[in-house]
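The sequence and model are shown first.

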Amino acid sequence: MDVRGDFIIVGSGIAGLRAAVELAPAGDIIVITKADPSESNTEYAQGGIAAAIAADDSAALHAADTITAGDGLCDEQAVRVLADEGPRYTLELLEWGARFDRDDRGRPALASEGAHSVRRVLHASDATGREIGRVLWERASSATRIRVLKNTLAIGVVIEDGKCAGVRFIDESGASGHAFGHTTLLATGGGGQVFRETTNPTIATGDGVALAYRAGARIADMEFVQFHPTVLNADNSPRFLLSEALRGEGARLVNASGKAFMLDYHPMADLAPRDVVARSIIREASRTEGPVFLSLRHLDVEQVRRRFPMIAATVARAGFDLAHDPIPVGPAAHYFMGGVETDLEGRTSVCGLFAAGEVACTRVHGANRLASNSLLEGLVFGARAGRAMTGPLRDADLPPPVLGDAASGASIRPGRMMSEGEIRDLMWTSVGLFRERRSLQDAADRLQEQQAALDGNLARDAPLDHKGWRRSSMVTVAALTATAALRREESRGGHFRTDFPARDDLNWKIHISDVMHPR
Ligand SMILES: Cc1cc2nc3c(=O)[nH]c(=O)nc-3n(C[C@H](O)[C@H](O)[C@H](O)COP(=O)(O)OP(=O)(O)OC[C@H]3O[C@@H](n4cnc5c(N)ncnc54)[C@H](O)[C@@H]3O)c2cc1C
């Protein structure tokens, strides 16, 4: 079945929905979403959304914190847009009915999180993403010009006359079709599922990156993956995120002897940047040959239960009392700083194709994202992309690519097909928190062989079902990530090379794009 609208949006998380709200007055919108419309990373976001609304805060301070966390690679113009426009879009959510927590004087309560120099994180208990999603859904679905195709998987970008004309999809009955529109937005979120250990739900396979890559769009900064330090690490329990807001409220990381150890690794202790905390946990576990825990037992019990009801209930199901027990934790893949390169209005290098939210790389996060900046990014850049999608088509305002055509694919032969589990294991062990040349080279070679086999299948038009497309996205995202991580011979932000442990501004203060282009 083919459908036609003015605007096509792939994805129903914060970025897609905010764009939909913006586009609604301008024409007919088709939202394509691969599962239930609420299923997204947005739905699981806990800690909150950062915006400089406090009297002791300013957009300049928020920008400065973002740039510090980004470890020398933030695009300062993009950061200014995020920090300057953040308050307006966040306060608009309140006007639309978002039930954020309030302080004693009725103002939005602001939480503290790692690497923020003041309290600036608005939150709705410990389920902020769900509340924002609820408000945006209400707002978007009140517009009669929005049609939602749920359980529908976008599998390809349609290019006509060198421009994006829409997407190909498989609907919930398994039938394929096309959605055609004036402009198309990829708002497909992140790809944490390519790693064995991840905070991301099963839908997060990086599909938008794979779709854009196959359409010839530029992909950048894929080596920068943020590993969240504190994920519930108990046998027989799903990997569940223990929000940084817990440490913001005073929770401490302790070793098996109960010693708080983060000050041994960084002056900001438990609120050091996420990459530092994540690696410190692994180092402490290895030094003590024991587990690492998050402890809240020194905090007020009632306050803990009131502030974190959802987290308390989830860890209780795993047999822990959040307020009293040390909770076993470890790092897991959480967020992709890189993705489909866009300008500040969401334009990609393919005319008519836009991207916003976690799938996009506006370079706003640099090498490491500041906590609670990603919901904000989805909101601000989703709205900006929505506005730009109504205008005349024009090329994106992107800087020239760096380190293009590193691996043309010419000499790479298709390899034995790896299972999804094998890909996730390989990514976790060789492209995870600690990286080095030999294992990266091996991973990049093996994954590029998978990519070559995939390219062959796609060129033959071999039919793929939902599972096949899922694996195909994972292969592409994993191969791009491993190849970019191999290229970057320094350590910066989320990317840590044991063989190049220092930051090297002289050679690597650059964004790597086009590491593995199909053309
Ligand atoms: C557990 C957890 C906690 C987090 N906590 C916070 C937090 O407190 N603060 C913060 O700022 N950030 C947080 N983050 C990160 C943040 O939630 C995400 O970066 C953000 O929600 C991404 O929004 P998005 O709109 O880009 O994508 P998503 O919300 O992930 O939405 C992607 C959408 O695209 C759809 N989709 C994907 N592929 C396809 C396809 N091929 N076809 C059709 N549809 C498709 C999905 O079904 C989904 O609807 C958290 C993330 C996780 C996983």
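A polar contact is a pair of N or O atoms within 3.5 Å; within protein, one must be able to donate a hydrogen and the other to accept it, and residues adjacent in sequence count only if both atoms are side-chain atoms. The model is predicted: local features need pLDDT of at least 70 and side-chain atom pairs count only at pLDDT 80 or more, while totals for chains, interfaces and linings use all residues. Residues are numbered from 1 along each chain as its sequence is written, and side-chain values use heavy atoms, with hydrogens and water left out.

**Ligand surroundings**

- The ligand has 38 residues around it, of which Thr 42, Gly 47, Gly 48, Glu 358 and Ser 374 come nearest; a residue counts as near if one of its heavy atoms lies within 4 Å.
- Glu 358 places a polar side-chain atom 2.6 Å from a ligand oxygen atom.
- The backbone also takes part: a polar backbone atom of Gly 47 is 2.8 Å from an oxygen atom of the ligand, and a backbone N or O atom of Ile 14 lies 3.1 Å from a ligand oxygen atom.

- Helices (H or I, at least four residues) and strands (E, at least two) are DSSP runs, numbered from the N terminus; two strands pair if DSSP finds at least two bridges between them.
- Strand 1 pairs with strand 10 (residues 176-180) in the parallel sense over two bridges, and Arg 4 has Phe 180 of strand 10 as its bridge partner.

- Another open sheet has three strands in the order 4-6-5, with antiparallel pairing.
- Strand 4 (49-50) and strand 5 (110-111) are its edge strands, each pairing on one side only.
- Two bridges join strand 5 and strand 6 (residues 121-122) in the antiparallel sense; Val 121 in strand 6 is the bridge partner of Ala 111.

**Helix pair**

- Helix 6 (residues 207-214) and helix 14 (residues 466-487) have axes that come within 8 Å and cross at roughly 80°; axes are lines fitted to C-alpha atoms, for helices over the stretch in contact, and angles run from 0 to 180 degrees between N-to-C directions.
- Helix 6 is therefore roughly perpendicular to helix 14, a term for angles of 65 to 115 degrees.
- The contact (heavy atoms within 4.5 Å) includes Tyr 213 and Arg 214 of helix 6 and Trp 469 and Leu 480 of helix 14.

How values were computed
Parallel < 35°, antiparallel > 145°, perpendicular 65-115°, else oblique.
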